[in-house]
Amino acid sequence: MIIRPPTNWLRMLFIWDGSVLKTIVPQLLLILAISVLAVATGGHILGAKIPLDTVPFPLVGVSLAIFLAFRNNAAYARYVEARQIWGRILIAARALTSQVVNYLPQDGDGFERKLFVQRLIAFVYALTHQLRHTDPAADLARYLSPQEHKELSDMHYIPVALLDRIRLMLARAGRKRGEGEPLLWLLDNQVSELAAAVGGCERISNTPIPFAYGVLVHRTVYLYCFMLPFGLVADLGMATPLVCVFVAYTLFALEAIAQEISEPFGTDPNCLALNAMTRNIERSLLEQCGEEVPEQLEPCERYNIS
């Protein structure tokens with residue numbers, strides 16, 4: 001995720017770090033070369049005049065705008081839903097920790113509060129690694145015993161396994177204290193909320209935008225930009241490269257942004273900062289229990305935070 005301080009309109013025109021320009025420079029250079037070729041040859045290729053005028057381009061542009069709008073709206077909807085799910089994870093984890101701290105007995109009375117918090121934090125880290133397809137071993141080893149870490153290492157759904165263990169801890173503690181079903185239902189609701197969040201994340205991660213839409217938009221954008229110089233050269237002359245590169249920048253950038261945010265759990269600059277959000281949850285839960293709080297993650301010098 002890109003986190004930059006507010007800047008004025010003039011500096012915004014020349015921002016490099018945080019924009020998608022660096023990822024589309026090769027495509028823009030290709031469009032520039034094609035535009036220069038169209039100007040140099042007067043719209044001819046191998047001696048034959050390319051019979052294009054400006055009439056078809058507005059018609060194609062309307063269709064292209066519809067395709068890009070659908071692609072970007074679908075991608076942004078996935079991004080927003082993913083962020084909302086992680087907001088619910090934070091709320092449920094805080095609420096569950098607060099309920100445990102205030103309603104369940106101390107460690108000496110049979111409930112290992114420290115183990116509960118460690119498993120809850122390990123759950124959040126395990127979910128982050130599952131969504132990013134990375135190895136959770138280092139983070140889980142900080143909060144789980146070697147024996148438990150070994151038991152979980154061969155499982156495919158570690159976050160779900162940790163929630164099962166948390167639910168079992170709460171059930172045993174509630175029954176031992178004799179509070180009955182009301183307390184168990186109260187605690188179980190938060191665990192169920194966390195389980196629902198896992199399912200929501202898996203739904204987004206395992207169900208990408210249909211591939212055919214991406215192919216259609218990609219092909220249409222590139223064909224439009226490749227043909228544009230030959231349709232404008234007769235009217236614009238030497239200004240054709242400038243106009244074509246500007247149009248191509250807008251279309252290529254929109255497609256690149258949609259591609260990044262359509263996979264919100266990835267590691268591209270415009271994806272969600274899962275590591276930072278996980279650390280935030282970790283800090284919050286440890287503070288609720290009076291434990292030492294680690295440092296907060298900050299954006300790097302290029303304003304990117306993962």
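Predicted model: local features only at pLDDT ≥ 70, side-chain atom pairs only at ≥ 80, totals over all residues.
The unreviewed UniProt entry places the feature "transmembrane region" at residues 57-74 and 221-252. In the model, residues 57-74 are 100% helix and 0% strand, with the end C-alpha atoms 25 Å apart. Residues 221-252 are 91% helix and 0% strand, yet here the end C-alpha atoms lie 7 Å apart.

Turning to the rings, a pair is described by the distance of the centres and the angle of the planes. Four aromatic pairs are counted in this model. In one of them, the ring centres of phenylalanine 70 and tyrosine 213 are 4.8 Å apart and the planes meet at 45°, so the pair is tilted. Because phenylalanine 70 belongs to helix 3 (residues 56-103) and tyrosine 213 to helix 9 (residues 211-236), this contact ties together parts that are 143 residues apart in sequence. Phenylalanine 70 is partly exposed at 41% relative accessibility, and tyrosine 213 is likewise partly exposed at 39%.

Another pair joins tyrosine 76 and tyrosine 79, whose ring centres are 6.2 Å apart; the planes are at 20°, so this pair is stacked. Both tyrosines lie in helix 3, three residues apart, about one turn of the helix. Tyrosine 76 is partly exposed, with a relative accessible area of 48%, whereas tyrosine 79 is buried at 16%.

Ring pairs also link Tyr222, Phe226 and Phe252 into a cluster. A contact of another kind involves arginine 142: its charged end sits over the ring of tyrosine 125, 5.1 Å from the ring centre.

Terms used: Residues numbered from 1 in each chain as written. Heavy atoms only, no water. UniProt positions renumbered as here; feature names shortened; annotations may be inferred. Helix = DSSP H or I, 4+ residues; strand = E, 2+ residues; numbered from the N terminus. Phe/Tyr/Trp six-rings, centres within 6.5 Å; stacked < 30°, edge-to-face > 60°. Buried < 20%, exposed > 50% of the residue type's maximum accessible area, 1.4 Å probe, protein only. Lys NZ or Arg CZ within 6 Å of the ring centre and 35° of its normal.
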